[in-house]
Amino acid sequence: MARFLRRVVRAALLRSDAYEDVEADKHAIWQAVVVVVLSAAALGVGNVENSGASGILWSTLHGVVLWYVWAFVTYFIGTRWLPTGVTVADPGQLLRTIGFSSAPGMLRIFMLVPVLAGPVFLLCTVWMLVSMVVAVRQAL
């Protein structure tokens with residue numbers, strides 16, 4: 001559990017070595033799933049005032065499906081359309097690294113505080129985008 005938490009924190013801090021670690025660990029796929037589920041559920045909980053309790057479930061399902069689709073789209077583009085001479089990747093590597101790039105999204109639970117909802121959503125969205133760039137760069 002401590003290793004998982006260290007990975008999540010290091011990924012959120014945009015540490016490229018965290019993404020290298022996750023990329024190389026084929027068993028980390030379940031950890032990536034947990035990060036994606038927690039991040040998506042945090043959005044649902046943070047937005048419960050607008051979407052109700054069912055929004056937590058839909059947000060979580062939506063987040064998991066989008067993660068999976070985005071990882072395969074990124075894999076296809078990165079290895080087929082835009083490969084460099086050193087591009088070596090498989091879909092699992094992208095699933096793991098992109099999964100961990102959603103770590104900052106867990107902070108979206110603070111959207112429960114109405115005055116913080118907009119700023120927290122914006123901050124987390126930008127942070128997750130930057131995190132995904134680091135993740136994809138390391139994976140490809």
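Me: How many nonpolar, polar and charged residues does the lining of the second largest pocket have?

Reply: The lining of the second largest pocket has 5 nonpolar, 4 polar and no charged residues. Here Ala, Val, Leu, Ile, Met, Phe, Trp, Tyr, Cys and Pro count as nonpolar, Asp, Glu, Lys and Arg as charged, and the others, Gly among them, as polar. This is a predicted model: local features need pLDDT of at least 70, side-chain atom pairs count only at pLDDT 80 or more, and totals for chains, interfaces and linings use all residues. Residues are numbered from 1 along each chain as its sequence is written, and side-chain values use heavy atoms, with hydrogens and water left out.

Me: Which residues line the second largest pocket?

Reply: Start with the idea: rolling a probe the size of a water molecule over the atoms shows where empty space is left. On a 1 Å grid over the protein atoms alone, a pocket is an open set of points where a 1.4 Å probe fits, with protein on both sides within 12 Å along at least five of seven lines; lining residues have an atom within 4 Å of a point. In this case the lining includes Trp 70, Ile 77 and Leu 140.

Me: And how much space lies in the largest pocket?

Reply: About 430 Å³, where a volume is the space filled by probe spheres set on the points, joined across faces, edges and corners. Of its 17 lining residues, those closest to the centre are Gly 63, Leu 66, Trp 67, Met 128 and Met 132. By class, that lining has 10 nonpolar, 6 polar and 1 charged residues. Helix α5 gives the most, with 6 residues; helices are DSSP runs (H or I, at least four residues), numbered from the N terminus.

Notes. Helix = DSSP H or I, 4+ residues; strand = E, 2+ residues; numbered from the N terminus.
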